[in-house]
Amino acid sequence: MYRASFRDREGRTIVVMRPTKQNTSSHERQIRFLVYTLENAILHLPEAQEKMVWLIDFTGWTMAHASPIKTARETANILQNHYPERLAIGFLFNPPKVFEAFFKVIKVFLDPKTIEKVNFVYQKDEESMKVLYKYIDPEVLPIEFGGNNNVIYNHEEYSELMIKDDIKTANFWADDAKTDHANPATNGTMVPEVKPQPSVLAAKASWGISACYADRKLTS
């Protein structure tokens with residue numbers, strides 16, 4: 001799972017997920033990284049936008065790649081109860097027939113409004129690809145997703161990018177702490193004096209990714 005280097009036609013952040021590349025098994029770490037990625041995607045939304053786009057690549061997917069029901073249920077819970085209406089539209093790219101059975105199981109955990117935003121897209125189906133192109137310009141869409149962009153995901157480059165983003169996030173919260181310090185009373189409630197500690201904030205900001213980096217492995 002990662003934040004794409006390209007955006008949709010409205011400039012919204014795109015989160016790419018590749019279930020077949022899953023290389024971790026820890027339920028807790030996977031959920032932490034999900035939250036980390038969502039927060040990072042929100043951080044990069046244009047000022048006028050509040051929603052993101054999901055592009056989930058199911059090419060080569062089999063039931064062996066299916067997430068445990070516990071993880072699927074927790075994921076749905078987080079998305080719907082903590083990030084309501086953050087999804088603009090979602091694309092399930094090249095899902096095999098066997099996935100349809102699995103999707104019927106996880107659908108029970110999804111809000112009807114969320115289900116309405118999910119689109120099954122097949123690279124060999126011209127009509128379904130038109131739906132994808134309607135939201136993402138094929139000129140910026142990677143070739144592997146039926147576009148014309150030859151960009152390729154580079155794990156090392158992405159890792160460095162996330163580290164830089166962690167610093168930005170830490171600075172954001174540091175500035176927020178300074179604001180609270182300058183305004184001790186917020187909404188009638190006294191706010192205790194807090195001295196910003198960038199190093200601590202940076203560690204907190206990167207909690208999600210550091211958990212997945214523990215063994216130098218990260219879901220692609």
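Two strands count as paired if DSSP finds at least two bridges between them, and helices (H or I, at least four residues) and strands (E, at least two) are DSSP runs numbered from the N terminus. The model is predicted, so that local features need pLDDT of at least 70 and side-chain atom pairs count only at pLDDT 80 or more, while totals for chains, interfaces and linings use all residues. Residues are numbered from 1 along each chain as its sequence is written, and side-chain values use heavy atoms, with hydrogens and water left out.

**View A. Strands β3 and β4.** Strand β3 (residues 52-57) and strand β4 (residues 87-93) run parallel and are joined by six bridges. I56 stands opposite L92 in β4.

**View B. The open sheet.** Five strands form an open sheet in the order β1-β2-β3-β4-β5, with mixed pairing. Its edge strands, β1 (2-7) and β5 (118-121), each pair on one side only, and the twist from one strand to the next averages 25 degrees.

**View C. Helices α1 and α2.** The axes of α1 (residues 27-43) and α2 (residues 69-81) come within 10 Å and cross at roughly 25 degrees; axes are lines fitted to C-alpha atoms, for helices over the stretch in contact, and angles run from 0 to 180 degrees between N-to-C directions. The two helices, α1 and α2, are therefore roughly parallel to each other, a term for angles under 35 degrees. Contact (heavy atoms within 4.5 Å) is made by H27, Q30, I31, L34, V35 and L38 of α1 with K70, T71, E74, T75, I78 and L79 of α2.

**View D. Helix α5 on the sheet.** Helix α5 (residues 126-135) lies across β3, β4 and β5, and runs at about 145 degrees to β4.

How values were computed
Parallel < 35°, antiparallel > 145°, perpendicular 65-115°, else oblique.
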